[in-house]
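Here is a friendly briefing on one protein chain, sorted by topic. Keep the 3D view open and look for each feature as you read.

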Amino acid sequence: MNKEDTLTRIREIGLLSVIRGPSPELTLKMVDALVAGGVYGIEITYTTPNAPEVVKALDEKFGNQILLGMGTLTKPEHAVTAKEAGALFIVSPHCSEELAKAMVETGLAVMIGALTPSEVVQAREWGADVVKVFPGSLVGPGYLKALRGPFPDIPVMPTGGVSIENVADWFAAGAYAVGAGSDLCPSAWAKEGRFDEITERAKTFVKEVEKARSG
């Protein structure tokens, strides 16, 4: 899948599950539970143990059934490793020129983390296809709406603080897509073996996203 197709699918799906798995085995089970609930946008963070190996295993198992990426890239070498593992999109939590250059050079869909207006513009200038507004929990949907005023042509994706209760507000504010972490797939539930509950949470989240976007 080329970058343009990846970006189109991210927009269509609208929801990326940001997974900080407690172990490789539990991370795979978390993804199984999410897919069973209709969540097909999967972002495995580098804070997950053996993250590249997890991504390779997921790519082999699901192929094009899911949209698979890697997040929490903090070093330039992470970009290369992510592409080799099979990621279709890559995401950083912060704005760094050296890291941004390495990410763009992969040819994958790139999301660079930013918060302030200056960082949002800088991330876009450095090659972000989508700017990840992080942490969204600090600013809320109203902030995203304010950003969209001067920067209507910059696609933005809030991550952090996105929940079932407020996901409609994020889309109403102009989100390109949303990234959801523990509110969608709590690692504590995985440790406790509550995978059926993760599936049910996923179903509810997907319904709210669909409702928000159709409205």
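Threonine 72 is found in the loop between β3 (67-71) and α4 (76-85). Its phi angle is positive, at about 55°, although threonine 72 is not a glycine. Please keep in mind that this is a predicted model. The points below begin with other backbone details, then move on to the sheet, the helix pairs and the salt bridges.

- To find asparagine 50, look in the loop between β2 (41-45) and α3.
- Which form does the peptide bond from phenylalanine 134 to proline 135 take, cis or trans? The bond is cis, and its omega is near -5°.
- Proline 135 sits in the loop that runs between β6 and α7 (141-148).

*The sheet*

- The model has an open sheet of 8 strands with parallel pairing. Reading across the sheet, the order is β7-β6-β5-β4-β3-β2-β1-β8.
- Why is one side of β7 and of β8 left without a neighbour in the sheet? Strands β7 (156-158) and β8 (178-180) stand at the edges and have a single partner strand each, so one side of each has no neighbour there.
- From one strand to the next, the twist averages 25°.
- Within this sheet, strand β4 (residues 89-91) and strand β5 (residues 109-114) run parallel and are joined by 3 bridges.
- Valine 91 has methionine 111 in β5 as its bridge partner.
- Helix α5 (residues 97-105) lies across β4 and β5, and its direction is at about 160° to β5.

*Helix α2 with helix α10*

- How do the axes of helix α2 (residues 24-36) and helix α10 (residues 195-214) meet, and at what angle do they cross? They come within 7 Å and cross at roughly 40°.
- Angles under 35 degrees would count as roughly parallel and those from 65 to 115 as roughly perpendicular, and α2 and α10 are therefore oblique to each other.
- The crossing of α2 and α10 is right-handed.
- On the α2 side, the contact is made by Leu26, Lys29, Met30, Ala33, Leu34 and Ala36, which meet Phe195, Ile198, Thr199, Ala202 and Lys203 in α10.
- Sorted by class, the residues of this contact of α2 with α10 are 8 nonpolar, 1 polar and 2 charged.

*Helix α2 with helix α3*

- Helix α2 also crosses helix α3 (residues 51-62), with axes that come within 10 Å and an angle of roughly 35°.
- Is the crossing of α2 and α3 left-handed or right-handed? It is right-handed.
- From α2, the residues Pro24, Thr27, Leu28, Val31, Asp32 and Val35 meet Val54, Ala57, Leu58, Lys61 and Phe62 in α3.
- The contact of α2 with α3 has 8 nonpolar, 1 polar and 2 charged residues.

*Salt bridges*

- How many salt bridges does the model have? The count comes to 6 salt bridges.

Note on methods. Residues are numbered from 1 along each chain as its sequence is written. This is a predicted model: local features need pLDDT of at least 70, side-chain atom pairs count only at pLDDT 80 or more; totals for chains, interfaces and linings use all residues. Side-chain values use heavy atoms; hydrogens and water are left out. Two strands pair if DSSP finds at least two bridges between them. Helices (H or I, at least four residues) and strands (E, at least two) are DSSP runs, numbered from the N terminus. Axes are lines fitted to C-alpha atoms, for helices over the stretch in contact, and angles run from 0 to 180 degrees between N-to-C directions. Contact means heavy atoms within 4.5 Å. Angles under 35 degrees count as roughly parallel, over 145 as roughly antiparallel, 65 to 115 as roughly perpendicular and the rest as oblique. A crossing is left-handed if the near helix is turned anticlockwise from the far one by less than a right angle, and right-handed if clockwise. Ala, Val, Leu, Ile, Met, Phe, Trp, Tyr, Cys and Pro count as nonpolar, Asp, Glu, Lys and Arg as charged, and the others, Gly among them, as polar. A salt bridge is a side-chain nitrogen of Lys or Arg within 4 Å of a carboxyl oxygen of Asp or Glu.
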